[in-house]
2 protein chains.
Amino acid sequence: MTENPLLAMGQAARKASYALMGLGGEAKNRLLAAIAARLLQDEAAILAANAEDMAAAQAAGLSGAMLDRLQLTPERLAAIRADIETVIALADPVGEELESRLLDNGMRLSRRRIPLGVVGVIYEARPNVTIDVAVLALKTGNAAILRGGKETVRSNRALLASLHAALEARNLPTAAIQLIDNPDRGLVTALLQLDHYVDMLIPRGGAGLHRLCIEHSRIPVITGGIGICHMFVDRAARLSSVAELVINAKVQRPTVCNALDTLLVHKAIVAELLPGLAKALQDQGVTLKACPEALAHIGALAEVAGPEDFDQEWLSLVLGIKVVEDVEAAIDHIRAHSSDHSESILTDDLATAERFVNAINSAAVYVNASTRFTDGSQFGLGAEVAVSTQKLHARGPMGLDALTTYKWIGQGHYTARS
Amino acid sequence: MTENPLLAMGQAARKASYALMGLGGEAKNRLLAAIAARLLQDEAAILAANAEDMAAAQAAGLSGAMLDRLQLTPERLAAIRADIETVIALADPVGEELESRLLDNGMRLSRRRIPLGVVGVIYEARPNVTIDVAVLALKTGNAAILRGGKETVRSNRALLASLHAALEARNLPTAAIQLIDNPDRGLVTALLQLDHYVDMLIPRGGAGLHRLCIEHSRIPVITGGIGICHMFVDRAARLSSVAELVINAKVQRPTVCNALDTLLVHKAIVAELLPGLAKALQDQGVTLKACPEALAHIGALAEVAGPEDFDQEWLSLVLGIKVVEDVEAAIDHIRAHSSDHSESILTDDLATAERFVNAINSAAVYVNASTRFTDGSQFGLGAEVAVSTQKLHARGPMGLDALTTYKWIGQGHYTARS
């Protein structure tokens, strides 16, 4: 077996994590403040590097949306620094004692929250994520290995230089934050095999990246960020409020994972609800893909939905509409098609709401609320590391806690097991 | 791509999990009581099937230790039923509200503990594990897919028949507990790829099985159960108590993962401690593999250790001994060689103890106590699903909680995100 080309990087990250894990909350906040200050000081260099990335991306014919995500401006850098201040203000979860008990044999057993160690993050051409991830990792005493999109490599190198300058100024190892800046895709596979040195892997990207990580990673992966989100309008919903919530869930920010993808409508209210709702959605620029039963009521306003249209995360102003028999049919549909992200029921019937909440095990389940709430800041977590749709470790919006683990500590008196 | 041969099994397990997740604590306890009763009723059939497994295993020349693990007796079946009673007496973690807050927008946000869904368990030729895992899964409202060792397939089929009879008697789907009883090893790989239907995979076996799962599983894996455990005897240890603790950690049950593997000794106390300690260990039948510096003091009582001897989980009466410069050298050695299971320091010096506890991030870290305490029952968890040495989801002995996850529930009033 040939040696992993990232072996030295992994070893350096692990070693750096030992220096970080002992830092108190104040020391970590001083480091984050130093990073913010350094980003301001280095602004011209960062913007110059970003301009080179932008020029190369334009020459390569990248789409406007991708260029927009790639671009840094003085305003965007100011927003990044403001985000750092927000993270500084958050409580440090590390060191918390989660429980402590005196066992019958006199041993005190406690559980203490500690950093994970080393976090790997794979993401796309968004230079803001570089700082975002580095700051969240450092706040929780973790080292990080970053792999950003190749289109943003110059920007990322410039940002890394600022991070390293701040680490050095605080006498901390620069290996605390490392960047895989070689575009060779084989290095992604190499990162996925660094299980001895990386404790958790967070893919922040599309379905293809997640699938790659699920299939090839030896490191525990946090899967998520993909939302095929449903809203079920029950027959007992307050119909006058439905349009506002559907529009909020679909239109407010259609490109994010908590946006609505499929609207399920109880058959008893189709005739009364759908024509007006479809018109309101059309006025918002939403393209409707409807099942035949819905189409009978809104034929001129919608296209016919193919079966695969109910397995789409649209990420755009498209909405699937399906008529269902009752709440049980809605549950069956969601179980079959959901990505376990966010689902909502609109109803004033308590028993129906309870049935829905108990039967649906997505990361977030809402009654009479928009799916758009699934978000770290909306949930009051202060920062969002990722949105998990898996069942281990963390579910839904992940706050700082999700970057920690715990150890058991047993304090004995030369205590042997009897 | 060809269809996964376990697809139907995965789908049936997922469907069964929907029936289980809605059961209250009392209904689940009645099911467990029915399983215990059925195991008693079916005892003759179970023992007859086990006798066939035993005869085949003897004919195949299996070792005495393996035959012992394979064998069922009326006493062992009684112990299994007693274990079921213990699990019945445990509190049901499912349904617990982990937190609940009123957001500024009037939405009530809570986090509720729910079953994982479907658990996959791969284990060796130990028929007691079949019941153990099934009972823990059902207690927490989970379905399970089991893959036991091929030597115990007749016993497992008989035990499965009892489990299914109890499920049927309680009007629950038998697919709640399914067994892969075809010895084809390709089915293990197929199980590892059932990520749409299995939420967590627990390998209960040796290092090879764990490695297979880490490298090939698409399902989140709980790694653990492998302990390269260390004890560091500091210069400030109470020397008169050292032998008792070392013997307890090494000799009490050498075949388990929390048994001691490497003893690290502060160089300042080697001459005073080691000769007597080595003699005491030799009297217990322990073979010592010592570094040259230790060997200078206990030459006649020990063999010279090769470097690979400090990366061994011995699982037998062998102990590595290494002299170290100080607590920092002990920490460095443990970081380089530990499997993150259990480590202990013996010292009366508070600062040294604190340094050790803060620097070592294994699942369990002890001061003046035996490594043998890392165990679900010793920690008061009531039942032990596995011992995790990874950092996600659960660490150290995993109780019933580790078979659950949570969902966020948002109760609004037709609340849109502003």
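Buried area is the accessible area, taken with a 1.4 Å probe, that two parts lose on being put together, summed over both. In the predicted model described here, the area buried between chain B and chain A is about 6500 Å². Carbon and sulfur atoms give 51% of that area. W408(B), Y414(B) and R417(B) supply 16% of what chain B buries against chain A, more than any other three residues.

Because the model is predicted, local features need pLDDT of at least 70 and side-chain atom pairs count only at pLDDT 80 or more, while totals for chains, interfaces and linings use all residues. Residues are numbered from 1 along each chain as its sequence is written, chains are lettered from A and ligands numbered from 1 in the order in which they are written, and side-chain values use heavy atoms, with hydrogens and water left out.

The interface can be described residue by residue. With contact taken as heavy atoms within 4.5 Å, 79 residues of chain B are in contact with 79 residues of chain A. Polar contacts are pairs of N or O atoms within 3.5 Å; within protein, one atom must be able to donate a hydrogen and the other to accept it, and residues adjacent in sequence count only if both atoms are side-chain atoms. Across the interface of chain B and chain A, this rule finds 53 residue pairs in polar contact, both residues being at pLDDT 80 or more. Helices (H or I, at least four residues) and strands (E, at least two) are DSSP runs, numbered from the N terminus. Among the elements of chain B that each supply at least two residues of the side touching chain A are α1 (7-21), α14 (350-359), β13 (364-369) and β16 (404-415). The most is given by β16(B), with eleven residues. The residues on this side of chain B divide into 35 nonpolar, 26 polar and 18 charged; here Ala, Val, Leu, Ile, Met, Phe, Trp, Tyr, Cys and Pro count as nonpolar, Asp, Glu, Lys and Arg as charged, and the others, Gly among them, as polar.

Strand pairing also joins the two chains. Two strands pair if DSSP finds at least two bridges between them, and strand β13 (residues 364-369) of chain A pairs with β16(B) in the parallel sense over five bridges. Within this pairing, V367(A) stands opposite Q411(B).

Charged pairs come next. Side chains of opposite charge can pair when their charged atoms come close. A salt bridge is a side-chain nitrogen of Lys or Arg within 4 Å of a carboxyl oxygen of Asp or Glu. The count over all chains comes to 50 salt bridges, and between chain B and chain A it is eight. One pair that meets in a salt bridge is R417(A) and D375(B), at 3.8 Å from N to O. A network of salt bridges links D195(A), R218(A), R211(B) and E215(B).

Other salt bridges lie within one chain. K28(A) and D92(A) meet at 2.9 Å, N to O. K28(A) lies in helix α2 (residues 25-41) of chain A and D92(A) in the loop between α5 (74-89) and β1 (97-102), so the pair ties together parts that are 64 residues apart in sequence. Buried means under 20% relative accessible area, exposed over 50%, and partly exposed in between (1.4 Å probe, protein chains only). K28(A) counts as buried at 2%, and D92(A) as partly exposed at 25%. In helix α11 (residues 270-283) of chain A, K279(A) and D283(A) are four residues apart, or about one helical turn, and their side chains meet in a salt bridge of 2.9 Å, N to O. K279(A) is partly exposed at 41%, whereas D283(A) is exposed at 55%.

Several local features complete the picture. In helix α14 (residues 350-359) of chain A, T352(A), A353(A), F356(A), V357(A) and A359(A) are buried. At the start of α14(A), a side-chain oxygen of D349(A) reaches to within 3.3 Å of the backbone nitrogen of A351(A). In chain B, S344(B) is found in strand β12 (residues 342-346) and counts as buried at 0% relative accessibility. Leaving aside residues up to four places away in sequence, S344(B) touches residues including H230(B), F356(B) and T371(B). Strand β1 (residues 97-102) of chain B pairs with β2(B) in the antiparallel sense over five bridges, where E97(B) has R112(B) as its bridge partner.
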